[in-house]
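Student: I would like to learn how to read the features of a structure. Could we go through one together, taking side chains, pockets and the ligand in turn?

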Amino acid sequence: MTQHKLIAGNWKMNGSLAANEQLVRAIAQGMGDANCTVAMCVPAPYPEQVNRLRSGTKIELGAQDVSRHEQGAYTGEVSAPMLREFGVRYAIVGHSERRQYHGETDEAVADKAKAALAHGITPIVCVGETLAEREAGRTQDVVKRQMAAVIHVNGHCISEIVVAYEPVWAIGTGRTATSEQAQEVHALLRAQLKAATPHPERVHILYGGSMNAANAASLLAQPDVDGGLIGGASLKAPDFLQIIAAASR
Ligand code: PEP
């Protein structure tokens with residue numbers, strides 16, 4: 001269990017210059033002296049704008065993906081050194097939408113985590129089972145396999161990553177894992193990390209999947225839930241601020 005929670009917003013493919021400005025200003029103003037780390041993972045064109053807007057605030061900047069490559073003929077990709085130049089401190093890797101729509105494999109996700117770490121960016125590694133996998137009793141096997149690939153490639157610095165358990169059936173569906181379901185998988189992940197690092201307690205394990213103002217407090221109260229990765233609710237300042245407040249208690 002870590003003390004200081006991390007609340008990361010995943011804007012997904014949402015935003016505009018005007019909307020971003022409104023949102024960042026509202027969050028910065030409302031969060032005051034929040035007793036947790038707050039990050040915003042923004043679409044690829046916006047790090048420069050959001051880096052400027054967050055200046056003088058406690059908001060950290062994140063990206064939603066990062067290339068496994070450093071540079072070269074990889075049209076459309078954005079490298080870790082590029083993100084770093086714009087103040088990016090976190091990068092989501094292996095989000096289920098990228099695994100599903102872009103065919104990202106466990107190995108690609110592990111390489112992306114490695115590329116991020118090599119340039120001082122903390123990867124937020126997403127793992128999680130589909131509904132069919134849960135119903136087939138395969139939840140543990142799936143998340144362990146996804147995590148094992150990342151540990152295999154990044155074992156020496158595994159305590160520097162952030163993990164996000166995101167059951168695919170709970171993302172954007174309004175269906176949340178119960179606090180007990182979340183804790184069960186988080187404890188499993190912690191145990192897996194324990195075998196790979198003497199400091200598994202240093203790794204933030206976030207829950208993601210329809211976390212909102214109403215359910216955040218009970219999820220965040222679980223011993224192995226060290227924060228949240230928030231999609232939809234991170235785009236609404238009042239909701240995101242309530243989650244930040246719940247994480248600051
Ligand atoms: C996400 O995109 O990582 C996510 C958890 O989305 P939502 O909160 O909308 O379910």
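Student: Is Asp 33 buried or exposed?

Tutor: The model is predicted, so local features need pLDDT of at least 70 and side-chain atom pairs count only at pLDDT 80 or more, while totals for chains, interfaces and linings use all residues. Residues are numbered from 1 along each chain as its sequence is written, and side-chain values use heavy atoms, with hydrogens and water left out. Buried means under 20% relative accessible area, exposed over 50%, and partly exposed in between, with a 1.4 Å probe and protein chains only. Asp 33 has a relative accessible area of 71%, so Asp 33 is exposed.

Student: With which residue does Asp 33 form a salt bridge?

Tutor: Side chains of opposite charge can pair when their charged atoms come close. A salt bridge is a side-chain nitrogen of Lys or Arg within 4 Å of a carboxyl oxygen of Asp or Glu. Here the partner of Asp 33 is Lys 58, and the closest N and O atoms are 4.0 Å apart. This pair links distant parts of the chain, 25 residues apart: Lys 58 is in the loop between helix H2 (47-53) and strand S3 (59-63), and Asp 33 is in the loop between H1 and strand S2 (37-42). Helices (H or I, at least four residues) and strands (E, at least two) are DSSP runs, numbered from the N terminus. Lys 58 is partly exposed, at 42% relative accessible area.

Student: How many salt bridges are there by this rule?

Tutor: The count comes to 15. In one of them, the side chains of Glu 97 and Lys 12 meet at 2.8 Å, N to O. Glu 97 belongs to helix H4 (residues 96-101) and Lys 12 to the loop between strand S1 (6-10) and helix H1 (17-31), which places the two 85 residues apart. Glu 97 is partly exposed, with a relative accessible area of 25%.

Student: Are Asp 226 and Arg 190 buried or exposed?

Tutor: Both are buried. Their side chains also meet in a salt bridge, at 2.8 Å, N to O. Asp 226 lies in the loop between helix H9 (216-220) and strand S8 (227-230) and Arg 190 in helix H8 (residues 179-194), so the pair ties together parts 36 residues apart in sequence. Elsewhere, salt bridges that share partners join Asp 65, Arg 98, Glu 104 and Lys 112 into one network.

Student: What volume does the largest pocket have?

Tutor: On a 1 Å grid over the protein atoms alone, a pocket is an open set of points where a 1.4 Å probe fits, with protein on both sides within 12 Å along at least five of seven lines; lining residues have an atom within 4 Å of a point. Points are joined across faces, edges and corners, and the volume is the space filled by probe spheres set on them. The largest pocket has about 650 Å³. Its lining has 30 residues, and those closest to the centre are Gln 64, Asp 65, Val 66, Arg 98 and His 102. H4 gives the most to this lining, with three residues.

Student: Which residues come nearest to the ligand?

Tutor: A residue is near a molecule if one of its heavy atoms lies within 4 Å of it. Of the 14 residues around the ligand, Lys 12, Glu 166, Gly 172, Ser 210 and Gly 231 come nearest. An oxygen atom of the ligand is 2.7 Å from an N or O atom in the side chain of Glu 166.

How values were computed: A polar contact is a pair of N or O atoms within 3.5 Å; within protein, one must be able to donate a hydrogen and the other to accept it, and residues adjacent in sequence count only if both atoms are side-chain atoms.
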